[in-house]
Amino acid sequence: GRTPLKPWESIMYGLGRSVDGILDGLFIGFGLIYYNQVVGLSGSLSGAAILISTLIDAVSDPLIGNISDKTNSKYFGRRHGYMYFSLIPTGVFMVLLYQVPDLSWSAGAKFTWMLVMLILMRVAGTFYAIPQLSLGAELAPGYHGRTALMAWAGAFGYSTGTLLLFVCMRWLMPDKGPIQYYDAGRPVHQYATGILNPANYSLVLFIAFLTLWVTGMASAITTQRHV
């Protein structure tokens, strides 16, 4: 039979949902503000990119689940290989989503960048999220065991993204009122709040990437022995 999970392993399994929490938390908190207010993409085009990427995500979820179900790796089982190797691409596409190379691009180019990065981030994230969720049903065969695992997963999924947003808004992107920047004595940029300053996103993304990778890897490593 399957080796029972220790209490700390249940907690570490739940920690893996932080990956989704970070992706969703950042996008809910900053996604539309960044593209509409910082990048200058219209709300209609931003919404269209979200709609298209969501439809593609809805199709990719069952496909990736089916791929994971049919995988039989000697070292990683059906789930862990995808969990290990999807974290870096997920983090990279998350960072690129909020790093439009040139704010003077045309609306079409900005829309294309947002759409492509959203699709890539969501598909890469699905290669972690779906196997990780499926793993929960395999780790705890009983009803109550699975309920406990999903409770931990839900707790970390919501709390990690919320905590990251709080830290960002409180300390990394503080609202200090108008911030005037000068070039040769002449004002060139003015940001009403820290969230509108594109330079502020670099540190936020670094922290988000690091947290995503650490929590995702920790969850995968601590459940590896149950493969």
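1. A residue is called buried when its relative accessible area is under 20%, exposed when that area is over 50%, and partly exposed in between. In this predicted model, buried residues account for 41% of the 227 residues in the chain.

2. Overall architecture. The chain contains seven helices and two strands. Read from the N terminus, the order of the elements is α-α-α-α-α-α-β-β-α. The C-alpha trace extends over about 75 × 35 × 25 Å along its principal axes.

3. Largest pocket. This pocket holds about 290 Å³ of space. Its lining comprises 16 residues, and D20, L23, D24, D57 and R122 are the ones nearest the centre. Helices α2 (18-39), α3 (43-69) and α5 (107-139) each contribute at least two lining residues; α5 gives the most, with eight. Sorted by class, the lining of the largest pocket consists of eight nonpolar, two polar and six charged residues.

4. Second largest pocket. The volume here is about 250 Å³. Of the 13 residues that line the second largest pocket, D20, G21, D24, G157 and Y158 lie nearest its centre. Two or more lining residues come from each of α2 and α6 (143-172), and α6 gives the most, with seven. The class division for this lining is four nonpolar, six polar and three charged residues. D20 and D24 are named among the residues nearest the centre of the largest pocket and also among those nearest the centre of the second largest pocket.

5. Salt bridge at D20. Side chains of opposite charge can pair when their charged atoms come close. Five salt bridges are found in the whole structure. One of them joins R17 to D20, with the closest N and O atoms 2.9 Å apart. R17 counts as buried because its relative accessible area is 11%, under the 20% limit. D20, at 22% relative accessibility, is partly exposed.

6. Salt-bridge network. D69, R78, R79 and E138 are linked in a network of salt bridges. The relative accessibility of D69 is 39%, so D69 counts as partly exposed, whereas R79 is buried at 4%.

7. The pair of E138 and R78. These residues form a salt bridge in which the closest N and O atoms are 2.4 Å apart. Because E138 lies in helix α5 and R78 in the loop between α3 and α4, the pair ties together parts that are 60 residues apart in sequence. R78 is partly exposed, with a relative accessible area of 34%.

8. Residue L135. Helix α5 also holds L135, which is buried at 4% relative accessibility. L135 and T71 are 64 residues apart along the chain, and 13 Å separates their C-alpha atoms.

9. Nonpolar surface patch. I88, V92, L203, F206, L210, W213 and V214 make a nonpolar surface patch of about 620 Å². Helices α4 (80-97) and α7 (201-223) each supply at least two of its residues, and α7 gives the most, with five. I88 belongs to helix α4 and is partly exposed, with a relative accessible area of 41%.

How values were computed: Residues numbered from 1 in each chain as written. Predicted model: local features only at pLDDT ≥ 70, side-chain atom pairs only at ≥ 80, totals over all residues. Heavy atoms only, no water. Patch = residues over 30% accessible without salt bridge, like charges linked within 9 Å, V, L, I, M, F, W, Y side chains within 5 Å. Areas by Shrake-Rupley, 256 points an atom, 1.4 Å probe, with all protein chains shown as cover. Salt bridge = Lys/Arg side-chain N within 4 Å of Asp/Glu carboxyl O. Helix = DSSP H or I, 4+ residues; strand = E, 2+ residues; numbered from the N terminus. Buried < 20%, exposed > 50% of the residue type's maximum accessible area, 1.4 Å probe, protein only. 1 Å grid on protein atoms, 1.4 Å probe; cavity = no way out; pocket = protein on both sides within 12 Å on 5 of 7 lines; lining within 4 Å. Points joined across faces, edges and corners; volume = space filled by probe spheres on them. Nonpolar A, V, L, I, M, F, W, Y, C, P; charged D, E, K, R; others polar.
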